[in-house]
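Subject: Structure for your review

Dear colleague,

Please find below the structure that I am handing over to you. My notes on what was found in it follow directly after.

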Amino acid sequence: MAAAEPAARKRRPKGHFAAAAGRAKRPRGGGRQLEAGMRGILITCNMNERKCVGEAYSLLGEYGDLLYGPEQFSDHEERLSGSEREEDEDDVEAALKKEVGQIRASTEQKLRRFQSVESGANNVVFIRTQGIEPENLVHHILKDMHATKKKKTRVILRMLPISGTCKAFMEDMKKYTETFFEPWFKAPNKGTFQIVYKARNNSHMSREEVIKELAGIVGSLNPENKVDLNNPQYTIVVEIIKNVCCLSVVRDYVLFRKYNLQEVVKSNKEDALQNPSSLTEEQNSKVVKPETEKEEKSSEEVKENKNQGETEAEPKGNNALTV
């Protein structure tokens, strides 16, 4: 009897397993996963992603309201329900199609200015943006924090604007960046630049190949675009996560400490210790002072020698010394 039980069970149709597999592959909450075509802000943190998202919403909301005004939602659903009463609902199929369209429209209306999506990498948060320019917002945040030296986050490390995304394959990236780079590098626009590259959960892309190809595209847009690894006007940020390439062109990358919110608020003394090149002119003059004193002493020795009647070689030009 026990052996006959499995045979007596109802067999499931083959389509059942295919449908289940399809459901398993779909990300939960449709559109809640980083994908090509999105724009937003990529944020790195240290182990606490939940708290990172909370800090990001608070910080972005604060500065977003300052730059773009308070976020507003239109009462779209009420207008739809009012018009729905006037329609003839005899045609069931037409009514169903209309309902689907209304759901999509209302969903679009409810998309928030900032929405967290699954990034696909540990310790990385991606905040999708709607109706704002990510590079302008992040630059404004860093500029204010750099000026005030006021620390506003605990777990957020770097905050990188992502102005465009495409598939992380070389041909797709080349095709996309040919137009993406134009606002900054296409003649008559020009500037010095560097490329910073980071790949997560991706092994098929080569760092050297990506940098070489993208630098070649920037050069083809205007031959006057030059590489500067010390203090460039623009930094091209390339962040690859799985099969998505996130791109942006940012300003003041060196000044704002690689867009690190923990570093940008450090005092000028800490800055000077870690960055000797950031010394002021007055500080530099103090550093050079010993050398000028040596030069003054050597000139005094020359005068003494002249008084003693010693002859010296005469340099060419108007600065020639005479006995």
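Lys 149 is partly exposed, with a relative accessible area of 25%, in what is a predicted model. This residue is found in the loop between α6 (134–148) and β4 (156–162). The phi of Lys 149 is near 60°, which is a positive value in a residue other than glycine. Such a value deserves a remark because most residues other than glycine have a negative phi.

Met 47 also has a positive phi, near 80°, and is likewise a residue other than glycine. Its place is the loop between β1 (40–45) and α3 (49–68). Met 47 is exposed, and its relative accessible area is 66%.

A further backbone feature concerns a peptide bond. The bond that joins Ala 187 and Pro 188 is cis, with an omega of about 10°, whereas most peptide bonds are trans. Pro 188 lies in the loop between α8 (182–185) and β6 (192–200).

I turn next to strand β1. Six of the six residues of β1 are buried, so the strand is largely enclosed by the rest of the structure. With strand β3 (residues 124–129), β1 pairs in the antiparallel sense over five bridges; in this pairing, Leu 42 stands opposite Phe 126 of β3. β1 is also joined to β4 by five bridges, and these two strands run antiparallel. Here Cys 45 has Ile 156 in β4 as its bridge partner.

The last element to describe is helix α9 (residues 207–221). This helix has 15 residues and reaches 22 Å from its first C-alpha to its last, close to the 21 Å expected at 1.5 Å a residue. Which residues of α9 are buried? They are Val 210, Leu 214, Ile 217, Val 218 and Leu 221. These residues cover an arc of only 100° around the axis, which means that they lie on the same side of α9.

The buried residues of α9 pack against α7 (170–180), α8, β6 and β8 (234–241). On the face of α9 turned away from its buried side are the exposed residues Glu 208, Lys 212 and Ser 220.

Yours sincerely

Note on methods. Residues are numbered from 1 along each chain as its sequence is written. This is a predicted model: local features need pLDDT of at least 70, side-chain atom pairs count only at pLDDT 80 or more; totals for chains, interfaces and linings use all residues. Side-chain values use heavy atoms; hydrogens and water are left out. Helices (H or I, at least four residues) and strands (E, at least two) are DSSP runs, numbered from the N terminus. Buried means under 20% relative accessible area, exposed over 50%, partly exposed in between (1.4 Å probe, protein chains only). Two strands pair if DSSP finds at least two bridges between them. The expected span of a helix is 1.5 Å times one less than its number of residues. The arc is that of the directions from the helix axis to the C-beta atoms. Contact means heavy atoms within 4.5 Å.
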